[in-house]
Amino acid sequence: MAAGTTSRSGRGRNARVRSTGNALPPHIVWVFGIVTLLYLALAGRLVYLQVFQHEEFKQIAAELRRRRHVLPARRGLLLDRDGTLLVGNERAGVIVLDPNLWYVASSKAVEGDTPEARRVRALDGLAGFFPDLDVATLALKVAKRRADGRFPAVDVRRQVDWPLAQKIQAASLPGVGVLPESRRAAVNGALAAHVLGFTDLDGRGLDGLEKTLDAELRGIPGVLEAEFDPQNRPIPGTVRRHEGALPGKDVVLTLDADVQHEAQEALKVAYETSKAESATVVVLDPRTGDILALANYPTYDINRRKDSTAAARTNIAVTAPFEPGSTLKVITVAAALEEGKVSPDTYFYCSGARGIGRRTIHCAHGTSHGRESLLDVIKNSCNIATADCAFRLGKERLWEYERAFGFGERTGSGLAGESRGLLSKPDKWSDIQLSNVAFGQGISVTPLQLAAAYAAIANDGVWMRPRIVRGVRNGEGGVLRPAASEPGRRVVSAEAAREMRRMLQSVVDDGTGKAAQMEAYTAGGKTGTAQIARGGRYVGGKYVASFVGMAPMKDPKFVVLVSVTAPQGPYYGGVVAGPVFKRILEKALLGRRVPGDKADVPGKAPRRRGRRGTRPILDALLTPRPPVPGVDQGGRRVRPWSLYGAEAICYNENAYGGTGAS
Amino acid sequence: MTEAAAQKKFAPDWWLFVVTLLLLGGGVVMVFNASYALAAEVKYTGGDPAYFVKRQALWAAIGLAGMFLAQRVPYWKLKGWAVPSLLLAITMLAAVLAMGHGAQGAQRWIGYGPVKIQPSEFAKLALVLYLAKVLAARPKLVQNLWGGVGMLLGVVMLVVVLIELQPDLGTAVTLLLTALLVLFAAGARARWMVTLLAVFALGGVCLALRHGTDGYRWKRMVTFINPQADYRGAGYQITHSKIALGTGGPFGVGLGESREKRLGNLPAQRTDFIFAIIGEEMGLLGTCSVLALFVALAARGFHIATRTRDPFGALLATGITGMVSVQAIVNIGVVTASIPATGVPLPFLSYGGSSLVPTLIGMGILLNISQNPYYRERKRRSAEPDIDLLDEAPAPPRKRPEKVPAGAGRSGR
């Protein structure tokens, strides 16, 4: 540096400049003095700020940064009886608009970029992603929020699909941010929608099992109290309190996804072809009371519940009692049989009409069945003879049996919104009411109650409480803790139940339920065609066509109830509901590898191989089967009903919800 | 005095050079320190933590080259550039107003593509040069309020208003204060200066109140008194600046440990508010060291001014030193919430080449002046150089006036 361009003598680094004559007036000394004084004043100010106010500012800084974050707990999964995922969690985004970043221009200079332009750009960009967004209201809200609060970001949209959220983030609109959050996602939103229900935006159960099992599923949120940087990340070393979230428990349901799917498909066909008002199906395992499938039409999609009506979200199977009609005769006859008032050898005479007090009861369509056995009573669905059974029993007895079979009280299955139905006290019954109750009028039952009553007959007379929760699993991969099993309640003897099953089988074999016949399995059931009662009067021309039955008859594995309300066209229970019953049972029995029992001798079944028109199930099991939806070649369960790949579901999503800040 | 003595050349001022290098080196380090967290966060850096410091280092290199170059140019040759460069600066300022690039709602840049010039920074040097030249040529001007000081202030105000219109209040104020400082150093009466300062301050308040007490300018002006009252608005930056300084304490939170520098806390942490980050990381020790360096710079600069016999050199030295000092005082005043907030970079330390390069060129000029304390224009050799200097224009030689005004006597030695 020191080297000059010239090399005159006398110059050099250490040469002292002699005092020169001053070029300037002495003001320069004042200038230096003033400048130095100002620097000193600033130094004084710094001493004040950095020494005397040090503690104060440390406090302020910590307060500005310290926040308490709620760490959301992973909501428990809903699984079917075999552990197939039904409802899980997936990553979604909260789109937020930060008022500060929105108002203040960023430090990056863009040509022609004014704060106003940026504001408009942000709003226009958001409106581009959400066409229904009310931009004006949002702008007002943000402007208002800007004035107060520490974390004043405004939620623009919640539960946004993650890919869309990422797109919005990539668009880097001024002030617009994306925070991750967890979203409830059903693998197939249409499957068992009425059973599973849904949650609100914050993951609180609102309907269905999401509501009734909320306490199990919810888990316990954690707390993180620390200083956070402006990006909402905890600053290391400042954590004051950290309690991890306790994830919710996974609940294993009794539903069988395959049976459920088949039941819905079959029901849908019946519902659509008959143009009915509604339709319901319930599938029970009679030995345990497990609800294997439960579906209603009209239905909705859990993942798109906003598009559905309240009517579509009604779980008819448990919330809407109906007058069952003929299907209830089975209870009356079973009671009379158990009480010894009738026996299989008892014969009745039906003249088509019978006067009771001032009124007359008829058999359907004015037919008379003449002399008939007890079996014929069920097979013919004879009102007169059933009323006779009821009179032999008496009001009290019949009422007791109705209660024993589970009518007039909630089943306690664990499903949301169960109705107890309508069963009035017997001391108020008139004779005509007694006879009406005997064949299913003047009494209201829910489809689930009715299915459970038939399950008692299928289970050799022991009524099992229907249940939907098979067990609870503690977190991912935890051990299944089975739900407490409740001993059944003996309603009728095993002999009486077997006798009843014989009668029910005759209905399918050569009675009103022929449409329910299966090729390989024996089946039994009872049809019902009841007039719809609304507001105490019967609605003309509208019927509930129902069929409740079971298979196989020796040791029933399934009880299936199908009811179709107000079908157009044919309205007989056997015709409308029978084929649904058949389709569901065939699928369910195949899925359980139940051997066919219609062959004269089960062991001889393979001999019938190749014969046209028959395809026994053992044959089917021994030969390679064509692909069946829901079962792949290895017998492993797949999900033909999966709308989204299973990868779309985050099993262990524990999203760090920015909105959890307090 | 002989010809040889007059042209005797000395080594450049060693201490000024050292102080400059210390400030420059510290500045590059602090720019990196204050910006890496930000650079890693924001998009346009491409996630490169060294994005800003690379650019700052480049600017420092360019600035140093400019400094060496300026140090080699005999400063008296700049005399001839004074008027053209001022005219150029005014033209560029006008051009910037007509078609400038916007940054944060202001028009400050001129240029095309990556080459951008901030004419206001260039205008600072040009104006100082111009004032030094005119005042050296006609020393008596400062003794005349309307025809002298008034006329010169008119030129200054033209530049100041052009810059203020950008709007760049900070640079305008810096420039005005520097001009007043040069005028005072040249001999203008203290009474006038104080009055002028009061008038400008009043004018500034009126300007700020143009839109009433709700206006942006007024809010910004009074926010520094209680910045927390408008934490989310105008007071945000000042609050965080105070928090940064306050949490620093006497010894700081440690180098690299600043929290306020993180994105979203203290805006402009690498530019106008880098002093706050220095205060947070190195505490009072760091801030006072910076202050000491600036005091040392002022001391050396004004010392050079006093010992230079050539009035042009002396005034130029005063102007350059004054410019750097005023800018530093205004910046630190803003950062410590001692004066209303205006955007002025801290010389040497703030990120940005448009401030750094002209400052370093100024230092080069200052160094050259320090090398030539005895320089005198050859034509004017006199037995009484001191009186000569004050009263006579350099060329063409004129007759001494018959009457010497009262002020001239006081200005003499």
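Helices (H or I, at least four residues) and strands (E, at least two) are DSSP runs, numbered from the N terminus. This is a predicted model: local features need pLDDT of at least 70, side-chain atom pairs count only at pLDDT 80 or more, and totals for chains, interfaces and linings use all residues. Residues are numbered from 1 along each chain as its sequence is written, chains are lettered from A and ligands numbered from 1 in the order in which they are written, and side-chain values use heavy atoms, with hydrogens and water left out.

**View 1. Ala298(B) in helix α11 of chain B.** Ala298(B) has 1% relative accessibility and therefore counts as buried (under 20% relative accessible area; exposed is over 50%, partly exposed in between; 1.4 Å probe, protein chains only). Ala298(B) touches Phe32(A) and Val35(A), as well as Thr321(B) and Ser325(B), leaving out residues up to four places away in sequence. A contact here means heavy atoms within 4.5 Å. Ser325(B) lies 27 residues from Ala298(B) along the chain, with 6.6 Å between their C-alpha atoms.

**View 2. Glu280(B) in helix α11 (residues 274-307) of chain B.** Glu280(B) counts as buried because its relative accessibility is 2%. Neighbours within four places in sequence are set aside. The contacts of Glu280(B) then include Ala244(B), Thr247(B), Gly248(B), Gly252(B) and Val253(B). Ser258(B), Arg259(B), Glu260(B) and Lys261(B) also contact Glu280(B).

**View 3. Helices α6 (residues 145-164) and α7 (residues 169-185) of chain B packed together.** Their axes are 8 Å apart, at an angle of about 165°. Axes are lines fitted to C-alpha atoms, for helices over the stretch in contact, and angles run from 0 to 180 degrees between N-to-C directions. α6(B) and α7(B) are therefore roughly antiparallel (over 145 degrees; under 35 is roughly parallel, 65 to 115 roughly perpendicular, the rest oblique). The contact residues of α6(B) include Val149(B), Leu152(B), Leu153(B) and Val156(B). Those of α7(B) include Leu169(B), Thr171(B), Ala172(B) and Leu175(B). By class, this contact has 15 nonpolar, one polar and one charged residues. Ala, Val, Leu, Ile, Met, Phe, Trp, Tyr, Cys and Pro count as nonpolar, Asp, Glu, Lys and Arg as charged, and the others, Gly among them, as polar.

**View 4. Chain B as the setting, with 15 helices and three strands.** Of its 413 residues, 56% count as buried. Among contacts in chain B between residues at least 6 apart in sequence, 71% join residues at least 24 apart.
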